[in-house]
Amino acid sequence: MNEKKSVDANVANTVKKISIFALLFIFSLTILSLFVLPQLKTQYSLKQFLPQDNPRLQRDEHTRQVFQLSEAQPFIITAKLSGNSETWFKKESIESLEKLTELLVHFPGVKSTLSLATVQSAINSDNSLSVGPLLKNLPQEKWSLETLKNPLISPTLISKDGRIASVIVTIDSLDTEALKHLRENLEVTARAALPFSKVEIGGTPAVQTDVGLLLQREIRNFVILGFIACFFVLALIFKNWSPLIISFLIIICANVLTLAAMALANSPFSILSSTIPILTTVDVVSLVIHTLLRLTEERKNQPHLDHTSLVNYTFKTLLGPNFFASTTTMIGFLALLTVKVPLIRDYGVTAAAAIVLGWVVTTILLYPLLHFLPEPTARIWAWKKARWGLYLFRRSGVWAFLVILVCSALALKGQHLSWSARLFDDLPQNHQVRLSTETIDKELGGMIPIDIEIKGGAEVWNDPVLLSNLDSFLTEVRGMSGVGSVVGLPDLVAAANLNSARLPASRSSIAEVFFLYSLASQSPLKNFLTTDSANTRVSIRTRDLPGNELHALVNSIHEKAQTRFPSMQVEVTGMGSTIHHLNNDLSHELIFGFWQSMAAICLVLIFVFKSVRWAVVACIPNLVPPAALLGFLAVSETPIKPSVAIIFSIALGLAFNNTVYLLERLRTFQKNSKSKNLEIERTLWREGNPCLISSMTLFAGFSVFMASYFAMNRIFGFYMLLSMLAGLVGDLVLLPTLLKSCPWILAPLSIKKEKVMATAASLILAVFFSLTPSLTQAQTATTQSIGQEMAQRLRAKDEEFVVNMKIIEADGSSKDRQMKIWRLSPAKKEHYLLVRMQKPQDLKDTALLATLKDDKEEKWIYLPSSKQTRRLTGESGQGGILGSELSVEDFDFNREQGAENVLKKETEIAGKKYYIVESDVSGTSSSYSKVISYISAADYLPIKVESYDKQGKISKTLDFLGYKKVPGGKWRASKIKIKNVQNKRGTEITITNIKINQNLKVSKFTPKELAEN
C-alpha cells in the first residue's frame, strides 16, 4: 500500500515538474515574441490577387516596356473649390498649384509630378514656337478655352466644370512604410499649399496605404471582439472561472506566437491574413471546449478516478481526435498552395501554420493548467445527453432526404453565379480614400486604365489618312457609356500642329511634330508611339464598372478598333482588360478547387480510420457547406471575388472538425460494443452538444467580421457564418440520419476485404505525397591637372561631324537616324550648336539651333514642310533627341560652367588604371544631380560616364569607344553607347567625318542660316 502511494507521489511530482517546465517555456517564449511584434507590417494592393506568369499580365508588361509606361501607379491629389461659380482659371490659384507641383517633385520617392499649372504643350505664335508649361504661354483669358476642350488635359487634370484640379504624383516602387510616409507628407503639404480648396489624396497607392492603416485598426478590433465573443460562449457553457483563465492564457500565447512567427518570416498582414487572429482564437477555444466537456463527462462516468488520472485519461483519449480535427482544417488551407497567386498561397501557408501552432500551444498548456487550476464545472445543458437527436431519428429518412434535396437544388442554382464585382467597392463608405476615388472616377476621367495597341508597319503612323481615321476612332470611343477619358496619338499631334487644321495634311508635317515632341523635357510621344512609328497606343480610362459590364465594354472597343483597322493587329491590355478576367478565373479555381481539399482530407482520413468507407462517409456531410454557399451566392447575386471564393476551402477545412469528433466517438463505441448495429443514437447523445457548442464558438468568432470596415470582410464573415450553419446541418442532421436510415454504409466487412482496402488506401496516400561630361573648374591640384590634360586632348574651338544614331527599345526593336552637327565655342561664355537631320526622309533638313551667350540661351527650329523658322521657348531643350536617350541637355554648355569636380579615387580595371571623378551638377542641370566619370590615367580620355537623377539614382551610362586622333591633333570617340538604366532603352551613336578647327563663323549659327542651308 505504501509502495503504491510512493509510486503515485513520484508520478505526481513528475507531472508537476513537467507542467511547470511547459508553462515556463511557453510563457517565456511568448514574452520574447512580444519584442518581435513591432516588425509586423500590413500590406494591401490590387496586384496581390494577380497570378504569376499569366499571359495577360505578360502582355501588359510588354506594353509598359514598349511605350515606357511607369509600373508604379501614381498618387492623385484632388483639390475641389468650394464655391459653385469658382474655377481654377485664376492667376493666384494656378500659382499656388504650380508651387505645390514643383515642391512635391523633390520629395523622396517621387519621380515626377504633373498638374494643370505645369502641363506642357506646344504653343504656336507669330514668330516663336514654345514647348513648355501651357498656361505660362497663353493669355489668361484663353486658359479655360484651351484646356477644357483638350483631351490631353481635361478631364484628367481639370474637371469639365473647372472646379476640381488634380496633381498626378508618379512614384518609385516603394515599400509599405515609405509609401505611408510619402502619403502623409503629400496630404499635409497639399492642404497647406491649397487652403482655399478641399484636398483629398486618391489613386491606387492611397488606397494601399489607407487600407493598410485600417487593417491595423481592424486587426486590433478583431482580437478584442473575438475575445469577447469566445468568452461569452465559454461563460454560457461553464459555471466557474477556471475555463476562462485557461482559454485566456492559451489564446494570448497562441496569437502572440503566431504573429511573431509572421513577423520573423517577413509575412505582412494583408486583407486576407487579417483573419489569422480570429482563426487562431476560435481554433484554440474549440479544442479547449471539446477537452473540458469530455473531462466533465468522464468525471461523471468515472467518479473513482482522481483529478490527475482523469486529466491523463481525457488527454490520452482526445489527443488523436484533436490532432486530426486540426489537421483537416490545416489541409483546407494548404489546398490554397495550388493557386498561382502569391498572396493566397502565403495566406494558405500562414493559416495552416497558425492552426498547427494553435494545436501545439493548446496541447502543451492545457495539460499543466488543468493540473494547477480548479477543475472546470460545465452547466448541465452543456454536458448532458443531446436528447434533441430523438426528434431527428423519428423520421431520419425524411430528414436525410430533405437535406440532400435542398443541397442539390442549391448546388444547381449555384451554377449561375454573379461575376459583376467592382474593383473599389470594398473601400469603407464615407472614408476619405473612398470619396477621393469616387471623385476621380466620376469627375477626373475614371479609375480603370485600358490600353489599345494598334500594330502596323514601319513609319505607318506618319500617314495623315491613317491618323485621321484614328482620330475618328477616339471620338467614337469617347461617346461610349462608361468611358471617362480617351487620349491617343492624334491628340498629341493636334496639340503641337502649327497649322490651322486639327491634324497635318502631309507626312513631313507629321514627322516634324514628332521631332518637336522629342525636344520636350518629358516627351509624352514615347507613351503613344514606338520609335519606328509602327505601333501606337490609345489610352482609355473607364468608370469602376461591374465586371460583366466592363468586359462587354472592352470587347466592344476591341471590335470597333479591329473594324477601323482591319489590316492591323489590335491588342487590348491594361487593368480594365485583365483584372476582372484574372479575378474571375481565380475565383472559379478557388470555388471548384474545394474538390482538391476534399480529396486530400479524404486520403488523410483513410489513414486515420484505416477504412476507405469511413473516410468517404466523413466527406458526405461536408458537401453541404459548398452547396449552401453556391446556392446563396447565386440567389443573393453576390459579386464573386477571390476574397469570397476563398471561403470554400476555409469552410471545408473547418466543417470536418465535428465530423472527426462524431465518427471517432462512433468508432470507439463500436470497438467496445459486441453489437453489430451502429451506435448512432448514443454517439449523437454524447457528442452532439460538444459539437454544437464548438460550432457556436466558431459562429461567435466569425461574427466579429460583420463589424468590419470593409465590405469584403463583412461578406466574408456572413458567408463563413452561413458555412458554419450548413456544416452543423451536415454533421448533426444529415450524417446521423443518413447512417440511421442506411446503416449498411458502415456495416462491418470481412477482415480480408478490409485489409485489402486499407492497403490500397495506403498506396494511394503514398503516391499522393510523392507527387560622361568634360571637367572645367577643379578644386584640387589633382583634378586641375586631369582637367588640363583632358582639355589638351579634347578641346577644340569648332568642329563638324556626322552622327548615325540607332535607338534601341527595351524590347530590342530599333530605329536609325542620321544628322550632321556643327559646334562653335569662340569664347568662354559663348557657344553655338547646329543640328541638321539627314535621315529619315520625312525629317530631312529639319534643323535645330542652340546658342549660349553671356548666360543667355536661345533655341530655334526650322521645319522644312512649312519652311518656317521658329524660336523654341519654355523647356523644349531638355528632352531626348528624336526619342533617343541622347538629350539636348547633353549639349548644354551652361551646365558645365558651375560643375564642382572631386577626384574620388583611383582604380584598376582589366589591368588599366582609371581616375574616378565626381561632378556635382545639381545647381546647373535640370535633369542630373551628379555625374561620375571614369578617365583613363594613361591618355586622360573619358571612357565611361554615369549620370544620376535628382533623387540620386543612376539614370544613364555612356561608354566612349574607339578613340581616334583626328586632323588637328585632337582625340574623338568614334562610337558612344548610351543606356538608360531606368527604362532599359539605349542609343548607339557612331561619329564619322570629324573635322575640327575649321574657322567656322558665328554667322553660320543664325536663324536665317537654318532656312538657307
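Tutor: Helices (H or I, at least four residues) and strands (E, at least two) are DSSP runs, numbered from the N terminus. The model is predicted.

Student: Pro 840 lies in a loop between which two strands?

Tutor: Pro 840 is joined to Lys 839 by a cis peptide bond, with omega about 5 degrees. The loop that holds Pro 840 runs between strand E13 (830–839) and strand E14 (847–853).

Student: Is Asp 845 buried, partly exposed or exposed?

Tutor: Asp 845 is found in the loop between E13 and E14. Asp 845 is not a glycine, although it has a positive phi of about 75 degrees. Buried means under 20% relative accessible area and exposed over 50%. At a relative accessible area of 34%, Asp 845 is partly exposed.

Student: In which strand is Asn 993 found?

Tutor: Asn 993 is a residue other than glycine with a positive phi, near 50 degrees. Asn 993 is exposed, with a relative accessible area of 53%. Its place is strand E23 (residues 986–996).

Student: Which residue is joined to Pro 155 by a cis peptide bond?

Tutor: Pro 155 is found in the loop between helix H4 (143–148) and strand E5 (164–171). The cis bond has an omega of about 15 degrees, and the partner of Pro 155 is Ser 154.

Student: How far apart are the end C-alpha atoms of H17?

Tutor: Helix H17 covers residues 507–518, which is 12 residues. The expected span is 1.5 Å times one less than the number of residues.

Student: How many of the 12 residues of H17 are buried?

Tutor: The buried residues include Ile 510, Glu 512, Phe 514 and Tyr 517. H17 is largely enclosed by the rest of the structure, because the number of its residues that are buried is 10.

Student: How many of the 26 residues of H8 are buried?

Tutor: The residues of H8 should span 38 Å at 1.5 Å a residue, and its end C-alpha atoms are 37 Å apart, which agrees. H8 is largely enclosed by the rest of the structure, because its count of buried residues is 23.

Student: Is Lys 300 buried or exposed?

Tutor: Lys 300 is in helix H8 (residues 276–301). With Lys 385, Arg 387 and Arg 682, Lys 300 forms a positive surface patch. Its relative accessible area is 55%, so Lys 300 is exposed.

Student: Which residue forms a salt bridge with Arg 502?

Tutor: The closest N and O atoms of the pair are 2.8 Å apart, and the partner of Arg 502 is Asp 491. The pair links distant parts of the chain, 11 residues apart: Arg 502 is in the loop between helix H16 (489–496) and H17, and the partner is in H16. Arg 502 is partly exposed at 40% relative accessible area. At 3%, the buried member of the pair is Asp 491.

Student: How many residues apart in sequence are the parts that Arg 823 and Glu 799 tie together?

Tutor: The side chains of Arg 823 and Glu 799 meet in a salt bridge (2.8 Å, N to O). Arg 823 lies in strand E12 (residues 814–827) and Glu 799 in strand E11 (residues 798–808), so the parts are tied across a separation in sequence of 24 residues.

Notes:
Residues are numbered from 1 along each chain as its sequence is written. This is a predicted model: local features need pLDDT of at least 70, side-chain atom pairs count only at pLDDT 80 or more; totals for chains, interfaces and linings use all residues. Side-chain values use heavy atoms; hydrogens and water are left out. Buried means under 20% relative accessible area, exposed over 50%, partly exposed in between (1.4 Å probe, protein chains only). Patches are made of residues with over 30% relative accessible area and no salt bridge: like charges are joined within 9 Å, nonpolar side chains (Val, Leu, Ile, Met, Phe, Trp, Tyr) within 5 Å. Accessible areas come from the Shrake-Rupley method with a 1.4 Å probe; for residues, only the protein chains shown count as cover. A salt bridge is a side-chain nitrogen of Lys or Arg within 4 Å of a carboxyl oxygen of Asp or Glu. Lys and Arg count as positive and Asp and Glu as negative; His and the chain ends are not counted. The place of a charge is taken as NZ of Lys, CZ of Arg, CG of Asp or CD of Glu.
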